[in-house]
Amino acid sequence: MSEHAADDTDPLAHGDRVDTATEAFVAHRNLLFTVAYEMLGSAADAEDALQETWLRWASVDLDGVRDQRAYLVRIVTRQALIRLRTLRRRKESYVGPWLPEPLLTAPDVADDVELADSVSMAMLLVLETLAPVERAVFVLREVFDLDYDEIAEAVGKRPAAVRQIAHRARAHVAARRPRDAVSPAETEAALQAFQRSVETGDLRNLLDILAPDVVLLTDGGGVVRAALDPVVGAERVAAVLGRIAAAASLRPARVNGHPALTIRLDGEIDTVLAVRVDDGLITGLYAVRNPEKLSRVERETTLRR
């Protein structure tokens with residue numbers, strides 16, 4: 001594949017090339033956004049990576065591109081890797097727990113079980129524990145099923161090295177991901193029971209829904225009030241959640257491909273609450289309160305593999 005810009009002296013020919021480049025980019029845009037988002041956990045940074053991808057794609061000589069999808073994935077992966085390293089430095093000074101930016105997703109994301117699993121809050125937090133290249137290799141291989149040669153071109157490694165990285169990343173994720181797949185119906189049932197308990201102030205029933213060692217993470221980003229450390233244990237978590245019942249309105253939503261809740265104060269979204277369910281109990285609660293991360297829960301985001 002050639003990465004050299006085309007030398008078009010004919011303005012009409014240049015226009016045709018731009019139209020073709022635009023059509024290809026638009027056709028694969030949702031896929032490219034999904035790749036970038038899974039690597040970054042931030043929709044805003046994923047959009048920035050897409051902008052950089054377009055700028056580079058628009059100058060490519062398309063006559064030398066055999067597979068436009070693979071080429072675009074390669075560009076966006078490289079841009080996401082650059083941003084991932086910058087994002088890691090920002091997280092070092094982040095106030096309190098950092099959580100991925102939640103996305104309001106269409107029902108078809110939940111229908112693709114592998115895609116929904118890969119963008120869940122719980123999985124994105126597991127991916128945070130990988131080194132940048134490990135994360136890129138894992139996402140491209142396990143989620144998007146790219147072959148090792150394609151991945152090697154995207155991350156600038158030899159195929160043999162990519163195989164080793166993939167094996168290491170797979171083992172790392174397997175040791176930390178949820179033990180068993182949980183159906184959307186099971187998660188929804190747990191959330192409905194949770195919502196009823198919070199709205200009615202039924203602390204005893206709430207404790208029955210929470211695992212004894214449940215962990216609540218709240219992301220306020222230093223902008224709004226939030227716990228600066230994880231809240232651990234059913235009674236402590238229930239006490240925190242019980243305080244929101246009087247003033248808040250809880251509404252079901254589909255966030256990152258899974259059932260979740262939005263918490264509204266005075267009609268405005270104040271918090272997005274996602275959960276992790278194991279053996280019928282809520283073992284993890286992820287409360288995103290940072291206003292800078294809530295813009296994507298007002299409209300659906302389309303994700304594609």
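Biologist: Which residue forms a salt bridge with Arg289?

Modeller: Side chains of opposite charge can pair when their charged atoms come close. In this predicted model, the partner of Arg289 is Asp270, with the closest N and O atoms 2.7 Å apart. Arg289 sits in the loop between β7 and β8, while Asp270 belongs to strand β6, 19 residues away in the chain.

Biologist: Is Arg289 buried or exposed?

Modeller: Buried means under 20% relative accessible area. Arg289 has 19%, so Arg289 is buried. Asp270 also comes out at 19% and therefore counts as buried.

Biologist: How many salt bridges are there by this rule?

Modeller: The count comes to 18. Let's take Arg83 as a second case. Arg83 forms a salt bridge with Asp45, at 3.8 Å between the closest N and O atoms. This pair links helix α3 to helix α2, across 38 residues. Arg83 is partly exposed at 25% relative accessibility, whereas Asp45, at 6%, is buried. Arg83 also meets Asp48 in a salt bridge, 3.8 Å from N to O. Asp48 lies in helix α2 and Arg83 in helix α3, so this pair ties together parts 35 residues apart in sequence.

Biologist: Now the nonpolar side. Which residues touch the most other members of the largest nonpolar core?

Modeller: Among the 57 residues of that core, they are Phe33, Trp57, Leu127, Val137 and Val155. Helix α1 gives the most to this core, with 11 residues. Setting aside neighbours within four places in sequence, Val137 is in contact with Ile151, Val155, Val162, Ile165 and Ala166. A second, separate core has 26 residues, including Ala238 and Leu250.

Key
Residues are numbered from 1 along each chain as its sequence is written. This is a predicted model: local features need pLDDT of at least 70, side-chain atom pairs count only at pLDDT 80 or more; totals for chains, interfaces and linings use all residues. Side-chain values use heavy atoms; hydrogens and water are left out. A nonpolar core is a set of buried Ala, Val, Leu, Ile, Met, Phe, Trp, Tyr and Cys residues joined through side-chain atoms within 4.5 Å. Buried means under 20% relative accessible area, exposed over 50%, partly exposed in between (1.4 Å probe, protein chains only). Helices (H or I, at least four residues) and strands (E, at least two) are DSSP runs, numbered from the N terminus. Contact means heavy atoms within 4.5 Å. A salt bridge is a side-chain nitrogen of Lys or Arg within 4 Å of a carboxyl oxygen of Asp or Glu.
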